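Subject: Structure handover

Hi,

Here is the structure for your set. Please load it first, then read the notes below.

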Amino acid sequence: MQQNKINILSTRPLNKSLVHEAKAVGISIDELSFIDTEPIQDIATQQEIEQAYLQSSTVVFTSMNAVDAVLAWQDGQQPDWVIYCMGNTTKLLLKENFGEHSVAGTAGYAAELAELIAEESDIDEVVFFCGEQRRDELPAILRSKGIEVHEIFVYETIHTPHKVSKDYHAILFYSPSAVSSFFSNNKVPAQTILFAIGNTTAKTIQQYCNNTIIIGKEPGKEELVRQAMEYFS
């Protein structure tokens, strides 16, 4: 059996097959979540979501957490929505529940998605299902282009910090929230390589340390893991 030489910490759970694939090439990946998400289930939010289901709208999702929160109130409905979303996992979840042709457009990053929506000349308003700690980029770009954004906060992000005593060759971060949660309780050795899923996550890391940061070439958690595997191969 090949002895593991590289130790990586992933700050979100991963597909087990991907962890086994890494192990086969000598990379051991520990998984430890530093954030959790919970749907907002108060009456006001429920009513906003139920009302949205009844309207013909252009709607936007930037995370599968928002999709899950909205699906909780679907009750078999197939709304008259034109859907835009960010990321392949989110798109697949939407197609699974709203139909194969439900997603009109998708992008890897929030700014890219906002530009895509703005290119559609007939869109003057969108419903944005998002978390309470959503990033400003997408609504800011849309509003700057004259598109009204109705935000419905459908989930909240909760920090779940842990003390990490093991030294890792690399740590993988998938969101600014996870970065803040991690560094609220930890420091990292100077030689540890930090992988960030995007520019915003990288900028948050820079607030806490001067370590080398590698930004994901492609959006997606699995893509970042594979990039780290390639780095150490």
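Is Tyr 53 buried or exposed? Tyr 53 has 4% relative accessibility, so it counts as buried (buried is under 20% relative accessible area, exposed over 50%, partly exposed in between, with a 1.4 Å probe and protein chains only).

Ground rules first. This is a predicted model, where local features need pLDDT of at least 70 and side-chain atom pairs count only at pLDDT 80 or more, while totals for chains, interfaces and linings use all residues. Residues are numbered from 1 along each chain as its sequence is written, and side-chain values use heavy atoms, with hydrogens and water left out.

Aromatic pairs

The search of the whole structure gave 11 aromatic pairs. Rings of Phe, Tyr and Trp (its six-membered ring) pair if their centres lie within 6.5 Å; planes under 30 degrees apart are stacked, over 60 edge-to-face, and the rest tilted. Tyr 53 and Trp 81 are stacked, because their ring centres are 5.0 Å apart and their planes at 20 degrees. Tyr 53 sits in helix H2 (residues 43-53) and Trp 81 in strand S5 (residues 81-86), so the pair ties together parts 28 residues apart in sequence. Helices (H or I, at least four residues) and strands (E, at least two) are DSSP runs, numbered from the N terminus. Trp 81 is buried too, at 8% relative accessibility.

Phe 173 and Phe 182 make an edge-to-face pair, because their centres are 5.3 Å apart and their planes at 80 degrees. Phe 173 is buried at 0%, and Phe 182 at 1%.

Five strands form an open, parallel sheet in the order S2-S1-S9-S10-S11. Two strands pair if DSSP finds at least two bridges between them. S2 (27-31) and S11 (213-215) stand at the edges with a single partner strand each, so one side of each lacks a neighbour in the sheet. The twist averages 25 degrees from one strand to the next. Axes are lines fitted to C-alpha atoms, for helices over the stretch in contact; angles run from 0 to 180 degrees between N-to-C directions.

S9 (residues 170-173) and S10 (residues 193-196) run parallel, joined by four bridges. Ile 171 stands opposite Leu 194. Phe 173 has Ala 196 as its bridge partner in S10. The chain goes from S9 through H7 to S10 in a right-handed β-α-β crossover (right-handed if, with the strands pointing away from the viewer, the path from the first strand over the helix to the second runs clockwise).

S10 also pairs with S11, in the parallel sense, over three bridges. There, Ala 196 has Ile 215 as its bridge partner. The crossover from S10 through helix H8 (residues 199-206) to S11 is right-handed as well. Within S10, Ile 193 and Phe 195 point one way, Leu 194 and Ala 196 the other, and all are buried.

Helix H9

H9 has 12 residues and spans 17 Å from first C-alpha to last, close to the expected 16 Å (1.5 Å times one less than its number of residues). Its buried residues are Leu 224, Val 225, Gln 227, Ala 228 and Met 229. The buried residues of H9 pack against S1, helix H1 (16-24), S2, S9, S10 and S11 (contact means heavy atoms within 4.5 Å).

Best wishes
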